[in-house]
Amino acid sequence: MTAVQHPTVWLTGLSGAGKTSIALALAQALKAQGRAVTVLDGDQLRHGLNRDLGFTPADRHENIRRTAEVARLMNNAGLTVIAAFISPYRSDRATAAAIVGAGNFIEVHVSTPLAVCEARDVKGLYAQARAGRLAQFTGISAPYEAPLDAALTLDTGTLALDEAVERICRHLRQRP
């Protein structure tokens, strides 16, 4: 069996875990290898395609469903997709995997501890959530369900960005 040429690397984890930083650095590394790559970032999609969605469980589900549909289309067009989304619910990530295709979906858990994520919070979102001014904030007032069987687990509290990227690249090279 040959390796899947155009997968979706799905980065999941808390706000501030480092998903977007990893996604952007990974995209650069893959482009340097000659791959056609695009990044789908949760914050960016919420300003456009998903701007009509809030943060209720139903809206989060729809956010992930739409993103997975876009990722599948991009994979089919020959792009490797790197998706950086909190995607807090296992069931939504399973839906995304089913849409993208199990053979194309690579779940990467950016498992950075909550305390590290809060320390990195330049927007003050964790403080707002802890003060009760921001409802449905993942990790504080809304749940995060860690993956049970992620392809990779990366803790950016102890792992440098370049090493996190190299681990994903290694995984991509070793895929059946």
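The model is a predicted one, so local features need pLDDT of at least 70 and side-chain atom pairs count only at pLDDT 80 or more, while totals for chains, interfaces and linings use all residues. Residues are numbered from 1 along each chain as its sequence is written, and side-chain values use heavy atoms, with hydrogens and water left out.

Helices (H or I, at least four residues) and strands (E, at least two) are taken as DSSP runs and numbered from the N terminus. Five strands form an open sheet in the order β2-β3-β1-β4-β5, with parallel pairing; two strands are said to pair if DSSP finds at least two bridges between them. Strands β2 and β5 stand at the edges with a single partner strand each, so one side of each is left without a neighbour in the sheet. From one strand to the next, the twist averages 20°. Such angles run from 0 to 180 degrees between N-to-C directions, with axes being lines fitted to C-alpha atoms, for helices over the stretch in contact.

Strand β4 (residues 105-110) is joined to β5 by 3 bridges, and the two run parallel. Within this pairing, V108 stands opposite L152 in β5, and H109 has T153 as its bridge partner. Another 5 bridges join β1 to β4, again in parallel, and here L11 is partnered with V108 of β4. Strand β4 is mostly covered, with 6 of its 6 residues buried. That goes for both faces: F105, E107 and H109 are buried on one side, and I106, V108 and V110 are buried on the other. Helix α7 (residues 161-174) packs on the sheet and touches β1 (8-12), β4 and β5. The direction of α7 makes about 175° with that of β5. Contact, in this passage, means heavy atoms within 4.5 Å.

Next come the charged side chains. A salt bridge is a side-chain nitrogen of Lys or Arg within 4 Å of a carboxyl oxygen of Asp or Glu, and the structure holds 11 of them. One links D52 with R66, where the closest N and O atoms are 2.8 Å apart. D52 sits in the loop between α2 (42-46) and α3 (57-76) while R66 belongs to helix α3, so the pair ties together parts that are 14 residues apart in sequence.

R65 is partly exposed, with a relative accessible area of 30%. Taken together, D52, E62, R65, R66, E69 and R72 are linked in a network of salt bridges. Elsewhere, R173 and E166 meet in a salt bridge of 2.7 Å, N to O; R173 is exposed, at 52% relative accessible area, and E166 is partly exposed, at 30%.

D41 makes a contrasting case. This residue lies in strand β2 (residues 37-41) and is buried, yet has no salt bridge. What D41 does have is a polar contact of 2.5 Å between its side chain and that of T20. A polar contact is a pair of N or O atoms within 3.5 Å; within protein, one must be able to donate a hydrogen and the other to accept it, and residues adjacent in sequence count only if both atoms are side-chain atoms. Not counting residues up to four places away in sequence, D41 touches T20, A84 and F85.

Finally, G139 is found in the loop between α6 (125-130) and β5 (152-154). At 29% relative accessibility, G139 counts as partly exposed. Leaving aside neighbours within four places in sequence, G139 is in contact with L14 and L114.

Terms used. Buried means under 20% relative accessible area, exposed over 50%, partly exposed in between (1.4 Å probe, protein chains only). Lys and Arg count as positive and Asp and Glu as negative; His and the chain ends are not counted.
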